[in-house]
Amino acid sequence: MPIRLSDFDAVTFDVYGTLIDWEPSIIGFLSKWAAGHGVKAGDQDLLMSFDRARADIQKERPAHLYPDVLRRCFDRIAKEFAVEPDATEREQFAASPHRWPAYSDSHAGLKALQARAKIGALSNIDNASLASSCGKLEITFDLVVTAEGVGAYKPDWPHFNTAIERLQSRGIGRERILHVGQSLRADITPANRLGLKCAWINRPGRALGLAGEGAAEARPDLTVSSLAELVSAITERDPTHA
């Protein structure tokens with residue numbers, strides 16, 4: 001059955017990978033680091049080393065704040081490639097979310113959706129980093145759930161349960177929520193398990209979150225290649241769209 005915006009009162013988003021284009025910055029940092037330490041590794045090898053480390057560290061409880069997740073990722077990557085971690089480089093990597101740019105279609109897409117529904121951010125990030133990203137997106141979300149706020153990381157369920165509860169308190173049931181993400185592992189699979197309708201933004205050339213535990217089980221209700229395509233698809237199918 002086609003997904004139409006009129007079927008939903010809230011659209012919740014994963015942020016990093018979906019709205020913020022983090023992969024080129026991560027690859028750029030790690031490639032420069034590798035070259036500086038004589039590490040012979042390709043961009044995808046470095047990126048997947050980060051992805052594996054991130055997924056493992058985010059399972060640890062009590063949960064670490066995201067800058068500390070990045071510090072621990074940096075140390076694991078350095079160990080994997082037999083490099084002694086440098087404290088200055090570690091801190092630069094920990095601060096990198098403040099420099100990650102927004103996708104070019106993010107602001108316009110979010111504004112178009114917010115004109116007709118509540119929009120929410122369900123993000124594996126700390127509050128300060130998300131505030132920087134919201135500045136780049138030029139948007140104020142109606143609902144914000146961060147890893148710092150719930151003390152856990154997706155694909156664990158606290159983000160989703162908190163968002164569902166908060167939206168229910170506003171009179172929006174889970175059947176009226178559409179969740180949007182780029183990560184199969186952290187967003188689409190848990191949305192499936194919780195009975196949420198979901199859309200997968202499969203950004204070309206992006207790889208984070210597409211493998212790992214649970215990713216192969218993901219079954220999006222709609223697959224698009226950009227936020228602009230998503231907005232077009234769910235509004236053109238909508239008989240109320242002017």
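Visitor: What makes serine 183 a cap of the N-terminal end of H9?

Guide: A side-chain oxygen of serine 183 lies 3.5 Å from the backbone nitrogen of arginine 185. A polar contact is a pair of N or O atoms within 3.5 Å; within protein, one must be able to donate a hydrogen and the other to accept it, and residues adjacent in sequence count only if both atoms are side-chain atoms. This is a predicted model, where local features need pLDDT of at least 70, side-chain atom pairs count only at pLDDT 80 or more, and totals for chains, interfaces and linings use all residues. Residues are numbered from 1 along each chain as its sequence is written, and side-chain values use heavy atoms, with hydrogens and water left out.

Visitor: Why is helix H9 called largely enclosed?

Guide: Buried means under 20% relative accessible area (exposed is over 50%, partly exposed in between; 1.4 Å probe, protein chains only). Eight of the ten residues of H9 (184–193) are buried, so the rest of the structure largely encloses this helix. Among them are Leu184, Asp187 and Ile188.

Visitor: What covers the buried residues of H9?

Guide: The cover includes helices H2 (43–57) and H8 (158–168), and strands S4 (177–181) and S5 (197–201). Helices (H or I, at least four residues) and strands (E, at least two) are DSSP runs, numbered from the N terminus.

Visitor: Why does serine 123 count as buried?

Guide: Its relative accessibility is 0%, so serine 123 counts as buried. Serine 123 sits in strand S2 (residues 118–123). Leaving out residues up to four places away in sequence, serine 123 touches Val15, Tyr16 and His159, among others. Contact means heavy atoms within 4.5 Å.
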